[in-house]
Amino acid sequence: MPAALAQPAYTLVFGPENSSPGAIDSAGRIVGQAGGRAFLWDGGAITDLGTLGGAGAAAFGISDNGFITGGADRLDGSTHAFLFDGATGTIGDIGQLGVAGSGAGVNRAGQVAGTWVDEAGENHAFLYSAGLMRDIGNLGANSARATGINQAGAVVGSSFLADFTAFQAFLYRDGVMRSLGTLGGPSSWAAGINDSGQVAGTSYIDEETPHAFLYSGGVLQDIGSLGGAFTEARGLNEAGWVVGFSTYADDIPGIDFSSAFLYRDGAMFDLNLIVERPGVWSILDAYGINDAGQIAATACTEFGDCRAVLLNPVPEPQPAALLLAGLVLGGAWTGLRRRRSR
């Protein structure tokens with residue numbers, strides 16, 4: 001860890017029972033799914049976003065001015081991408097190009113990036129803008145997924161290459177889709193993009209080992225892991241801080257939980273070790289982070305109770321207070337267990 005980098009600290013706020021997060025906005029509001037319904041949670045109140053006439057819905061993206069997108073059921077049983085307008089409190093069907101669709105990310109202009117499904121069950125990436133949904137193409141094979149969008153309307157996701165030999169992360173901008181490449185393995189996928197054009201995602205470094213990456217300045221950077229073979233990025237903020245999950249070197253598949261991470265300033269932190277939390281909970285995955293450093297994550301117990309959680313950063317002490325803080329809190333982390341096993 002760089003000597004000048006202070007260890008961050010977070011407090012934890014529990015969301016609704018049996019919930020999963022999808023994204024977080026600049027105000028710390030989280031969207032996701034609970035009980036089969038799409039929700040908006042502001043740290044206190046929980047709002048059901050409704051459906052398109054059917055039974056269920058899930059939210060995956062939120063803009064800073066209250067647009068929300070995801071997938072919702074219709075009366076005929078199909079799932080369509082939706083756009084929820086926070087200003088009016090209404091949910092709208094933005095259509096589909098095939099038999100099903102879902103939005104993944106939305107910006108302040110109400111542009112939506114997502115995935116539609118054809119009759120053969122194949123995925124395709126779309127961009128919804130100015131009331132129209134259109135397919136944005138692929139990298140050689142007729143299969144792609146869009147996962148994020150920034151304020152300029154640049155879209156990221158993943159697409160299969162010709163002959164379905166591999167799939168790679170893409171950046172779609174100004175009508176052109178291009179591959180971001182890999183970290184040495186055959187495949188990669190993107191999770192999110194910020195307004196500076198930085199992209200967070202995951203790439204295989206060989207035939208079987210995936211690592212999280214940060215794409216910045218035209219360079220794909222491996223941001224490592226917590227010691228294990230598997231790590232995946234889920235989102236990033238404007239500072240290029242990345243969140244996701246990782247394994248440890250001694251993890252046993254199917255037995256040990258994964259650990260949610262925060263990557264910032266060249267260092268990766270296990271969120272379980274820097275969050276004040278009840279000891280029965282493990283923070284398994286982090287889905288989004290805003291510019292204030294607030295994180296949307298999933299926490300579970302070994303008994304199967306899982307829910308969305310909001311992690312709020314504890315302000316870093318000023319230099320004059322560092323010595324006192326060290327004396328008072330120096331042993332605060334020693335009682336925390338790294339993670340729990342089933």
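1. A residue is called buried when its relative accessible area is under 20%, exposed when over 50%, and partly exposed in between (1.4 Å probe, protein chains only). By this rule Glu-232 is buried, at 13% relative accessibility.

2. The model is predicted: local features need pLDDT of at least 70, side-chain atom pairs count only at pLDDT 80 or more, and totals for chains, interfaces and linings use all residues. Residues are numbered from 1 along each chain as its sequence is written, and side-chain values use heavy atoms, with hydrogens and water left out.

3. Four strands form an open sheet in the order E22-E23-E24-E25, with antiparallel pairing. Strands here are DSSP runs (E, at least two residues) numbered from the N terminus, and two strands pair if DSSP finds at least two bridges between them. Strands E22 (231–236) and E25 (267–270) are the edges, each pairing on one side only.

4. Within this sheet, E23 (residues 242–246) and E24 (residues 259–264) are joined in the antiparallel sense by five bridges. Val-242 has Tyr-263 in E24 as its bridge partner.

5. The structure holds 10 salt bridges, each a side-chain nitrogen of Lys or Arg within 4 Å of a carboxyl oxygen of Asp or Glu. Arg-234 forms one with Glu-232 (3.5 Å, N to O) and another with Asp-285, where the closest N and O atoms are 2.7 Å apart. Asp-285 lies in strand E27 (residues 281–289) and Arg-234 in strand E22, so this pair ties together parts 51 residues apart in sequence. Asp-285 is buried at 7%, whereas Arg-234 is partly exposed at 27%.
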